[in-house]
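User: I would like to learn how to read packing and charge pairing in a model. Can you take me through one?

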Amino acid sequence: MTNFWAQLPKHFFALAPMEDVTDTVFRELLASKAAPGKLHVVFTEFLSVDGFLHPVGEEKVSHRLYVSRQEREKLSTKGIKLVAQIWGSDPEKFFEASRRIASEFEFDGIDINMGCPVKKVVKNKACSALIKTPTLAKEIVEATREGSGLPVSVKTRIGFNEVETERWIGNLLDVKPMAITVHGRTQKMQSDGKADWNEVLKSVRLRDALKSETRILGNGDVSSYEDGLEKAASFSADGIMVGRGIFSNPAFFAVPQSMEPGERIQLLKSHISRFGETWEGKKNYAILKRFFKIYVHSFENATSLRTGLMNTNNCLEGLQVIREFEDLKISIPQ
Ligand SMILES: Cc1cc2nc3c(=O)[nH]c(=O)nc-3n(C[C@H](O)[C@H](O)[C@H](O)COP(=O)(O)O)c2cc1C
């Protein structure tokens, strides 16, 4: 096993796993735009181990593990590592799912979701609910490591109802995951309030006191590349994980760190085309609508193009609306 986590530079950047966002198409686009050395790790959307091991469920969930040839090429050219994220509550299932993921796919690591706060998963004693069952959480890390033989990491929060970083992160450090992403919010906070990076610092100090090799990533509210570097330096994080920041700037990991509207429209066209080639008929087109406002803004008539796009029903229609807009020769700053 190559523990790539240990080889990453101080202050490495990771793109957060995001459901219906970080599929192979979006990861490919971001990797192609990323400047060398600015993005180090990307994650899949989270995959249910129960679903994956279920004869009927597997077909519904395994798209999350799909990696296109185009993405693979971009990642390897830029040296970006790819990690599959899984969730569940039964260690045996983690063992079996991670064994299969390691033998049937080519991921650099496996990440365990111990942070998702939504009711449905918490009711199933999974994700952030594992904060309340520390022994089970440890069993899951061990089962995943044994099953996969890959570097195992954990993404989590700083507590369930209350902040309890020392108890919870200390518990995880006992089983020596290769990395822990600390999202500076409790389950109760969901996405509200401000992420508390002091708890990231607390996690790093705990790690140092235990002389552990686990790398600590801070996560929450990173608004720009510089903001990430500043937070990492102020709170001693080894790595910075970026989630929603990418929505306000798809050039987050690029140089220069902004795109002219014309460039954003070209990226949107690539996104729609690659989505169509990869997923048409398999995934709902509506998933793409979240991206329209990310690419289409800050130029004259942007609202009318966005409205036109929101009324489309498939990739061909989406591309057609953009073509018609371009044919009107409305000037989009290039
Ligand atoms: C649309 C969306 C989907 C998400 N899906 C996942 C997921 O599949 N797995 C996970 O661990 N976290 C998921 N998250 C949480 C993010 O990874 C991240 O922890 C959170 O957004 C805080 O970081 P940020 O402030 O940089 O966005 C999701 C967040 C958003 C906004």
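User: How many salt bridges are there by this rule?

Analyst: Start with the general idea. Side chains of opposite charge can pair when their charged atoms come close. This is a predicted model. Here the count comes to 22 salt bridges.

User: Which residue meets E199 in a salt bridge?

Analyst: K202 does. The N to O distance between the two side chains is 3.2 Å. Both residues sit in helix α10, residues 198–209. Because they are three residues apart there, about one helical turn separates them.

User: Is E199 buried or exposed?

Analyst: E199 is buried, at a relative accessible area of 8%. The cut-off for buried is under 20%. K202 has a relative accessible area of 34%, so K202 counts as partly exposed.

User: Which residue pairs with R207, and at what N to O distance?

Analyst: The side chain of R207 meets that of D238 in a salt bridge, at 2.9 Å from N to O. R207 belongs to helix α10, while D238 is in the loop between α11 (225–235) and β9 (239–242). The pair therefore ties together parts that lie 31 residues apart in sequence.

User: What is the relative accessibility of R207, and what is that of D238?

Analyst: R207 has 8% and counts as buried. D238 has 4% and also counts as buried.

User: Which residues are linked with R207 in a network of salt bridges?

Analyst: The network links K10, R207, D208 and D238.

User: Where in the chain are D221 and R244?

Analyst: D221 is in the loop between β8 (215–219) and α11. R244 is in the loop between β9 and α12 (245–248). The two residues are 23 apart, and the pair links distant parts of the chain. Their side chains form a salt bridge with an N to O distance of 3.3 Å. D221 is partly exposed at 31% relative accessible area. R244 is partly exposed too, at 44% relative accessibility.

User: Now a charged residue in its surroundings. Which residues is E28 in contact with, leaving aside neighbours within four places in sequence?

Analyst: E28 contacts S68, Q70, E71, K74 and R274. Its place is in helix α2, residues 24–33. At 6% relative accessibility, E28 counts as buried.

User: On to nonpolar packing. How many residues does the largest nonpolar core have?

Analyst: The general idea comes before the case. In soluble globular proteins, nonpolar side chains tend to be buried together. In this model the largest nonpolar core has 99 residues. Those with the most contacts inside this core are I101, M114, F253, V296 and L305. Helix α13 (residues 261–279) gives the largest share of this core, six residues.

User: What does V296 touch, not counting residues up to four places away in sequence?

Analyst: V296 touches I265, L268, A302, L305, R306 and L309. There is also a second, separate core of 12 residues. Among its members are V41, F43, V83 and M241.

User: Last topic, cysteines. How many disulfides does the structure hold?

Analyst: A disulfide is a covalent bond between the sulfur atoms of two cysteines. This structure holds zero.

Technical notes
Residues are numbered from 1 along each chain as its sequence is written. This is a predicted model: local features need pLDDT of at least 70, side-chain atom pairs count only at pLDDT 80 or more; totals for chains, interfaces and linings use all residues. Side-chain values use heavy atoms; hydrogens and water are left out. A nonpolar core is a set of buried Ala, Val, Leu, Ile, Met, Phe, Trp, Tyr and Cys residues joined through side-chain atoms within 4.5 Å. Buried means under 20% relative accessible area, exposed over 50%, partly exposed in between (1.4 Å probe, protein chains only). Helices (H or I, at least four residues) and strands (E, at least two) are DSSP runs, numbered from the N terminus. Contact means heavy atoms within 4.5 Å. A salt bridge is a side-chain nitrogen of Lys or Arg within 4 Å of a carboxyl oxygen of Asp or Glu. A disulfide is a pair of cysteine sulfur atoms within 2.5 Å.
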